[in-house]
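Here is a short report on one protein model. Keep the structure open as you read, and find each part as it is named.

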Amino acid sequence: MIDLYTWPTPNGHKVHIMLEECALPYKVIPINIGAGDQFKPDFLKISPNNKMPAMVDPDGPEGGPFPLFESGAMLIYLAEKTAKFMPKGTRGRYTAIQWLMFQMGSVGPMCGQLNHFRSYAPEQIPYAIDRYASEVNRLYGVMDKRLGEVAYLAGDYSIADMACFPWIRIHERQGIDIGKYPNVKRWMDAIAGRPAVVKGVQVLAERQRQGAMSDDEKKWLFGKAQYSQGKGDVRERAGR
Ligand SMILES: N[C@@H](CCC(=O)N[C@@H](CS)C(=O)NCC(=O)O)C(=O)O
C-alpha cells in the first residue's frame, strides 16, 4: 500500500484525486504544515524541499520502496504505474505533460502568490495583489481558450486536469469571477461531479483550517521557522 504524506491543500488534492481515480489503496500520513511537520527529519528524507505531498511506493520500480516528492512527478509516476489518465501516443502524452507543466510552473505558483498577498500577507500591497490577480486572470483566459476547443486540457480527462482542478475549484478565494470563463466553469463542474474527485477532496477535510491563519501557522509557513531550515533544530530556534 502506498504511504501518502499529505495535507488538505490543492497540491495534496491532486494526488488524492489520482489515487482515488485509479482505485489504488493508500495510507494517509498527515503532514500538518501549520505545525512544522514538514521539517521533521524523517519527512525531509522523503521530501527534501519540506513540502507535501510526498509518497513512498513499497512496490517501486526495479523492486523495493520508492520515495517521491513533487505532485507533478507523483502524478506522472502513478499514470505510468497504472497505465491510466495519460494518453498512449507520443503526441497525446506530451500534450498532457505540457498542460501538467503549465499547472506546475504557472497556475500553482501564481495562484499561491495571489492567495498569499490577498489573505496572508501582514499588509495589503496593491501592487502585489494587482500583479498576481492580473497574471491569474490571464492564466484562466489561457485555459478558457483551450477548453473552448477540447473537453479536457489534453483532449480526454487526464492527470493535467487533476493537477489544475484543485486550484480552480477555489477560484472564489482568489477573487476570480468564474462567470468570465464559461469553458473553465463547464470543465470544473464536470470534474467536480466525478465520484473519485468528490472522495479525493474529502481526504483530511476534517483537519482543514476554519477561519484565519494563526500566527503560529504563519511562523511555520512564512516566518522564521520556515527560513531557519538547515541551521540546526528549526523548532528550537523558533522557540517551540
Ligand atoms: N511544487 C510542489 C509544491 C508543494 C507545496 O507548495 N506544498 C505546500 C502546501 S500546498 C507545503 O507543503 N508547504 C509547506 C512549506 O512550505 O513549509 C508540488 O506541487 O508538490
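Predicted model: local features only at pLDDT ≥ 70, side-chain atom pairs only at ≥ 80, totals over all residues.

## Helix 1 meets helix 3

From helix 1, the residues Asn 11, Lys 14, Val 15, Met 18 and Leu 19 make contact with helix 3. Their partners in helix 3 are Ser 71, Met 74, Leu 75 and Leu 78. Sort this contact by class, and you get six nonpolar, two polar and one charged residues.

How do the two helices lie relative to each other, judged by the angle at which their axes cross? The axes of helix 1 and helix 3 cross at roughly 5°. They come within 9 Å. Angles under 35 degrees count as roughly parallel. Helix 1 and helix 3 are therefore roughly parallel to each other.

## Two domains

Now step back to the protein as divided into domains. Domain 1 is built from two stretches, 2-84 and 199-237. Domain 2 covers 90-194. The centres of the two domains, taken over C-alpha atoms, are 21 Å apart.

How many residues of each domain take part in the contact between them? Domain 1 gives 14 residues, and domain 2 gives 10. On the domain 1 side, helix 1 (10-21), helix 3 (71-82) and helix 9 (215-222) each give two or more residues. Helix 1 supplies the largest share of that side, with six residues. By class, the side of domain 1 that touches domain 2 holds eight nonpolar, four polar and two charged residues.

## A crossing pair

Helix 5 (residues 126-147) and helix 7 (residues 182-192) form another packed pair. Their axes are 7 Å apart, and the packing angle is about 75°. Angles from 65 to 115 degrees count as roughly perpendicular. Helix 5 and helix 7 are therefore roughly perpendicular to each other.

Helix 5 brings Tyr 140, Met 143, Asp 144 and Leu 147 to the contact. Helix 7 brings Asn 183, Val 184 and Trp 187. By class, the contact has five nonpolar residues, one polar and one charged.

## Backbone details in one loop

Turn to the loop between helix 2 (41-46) and strand 3 (54-57), where Pro 53 lies. The peptide bond from Met 52 to Pro 53 is cis, with omega near 0°.

Asn 50 sits in the loop between helix 2 and strand 3 too. Its phi is positive, about 50°, although Asn 50 is not a glycine.

## The whole protein

How many helices and strands does the protein have? It has 11 helices and four strands. The radius of gyration is 18 Å, close to the 18 Å that the globule rule gives for 240 residues, so the protein is as compact as a globular protein of that length. Along the principal axes, the C-alpha atoms fill a box of roughly 55 × 50 × 30 Å.

Notes. Residues numbered from 1 in each chain as written. Domains from an automatic or database assignment. Contact = placed C-beta atoms within 7 Å. Nonpolar A, V, L, I, M, F, W, Y, C, P; charged D, E, K, R; others polar. Axes fitted to C-alpha atoms, helices over the stretch in contact; angles between N-to-C directions. Parallel < 35°, antiparallel > 145°, perpendicular 65-115°, else oblique. Rg over C-alpha atoms; globule rule 2.2 N^0.38 Å.
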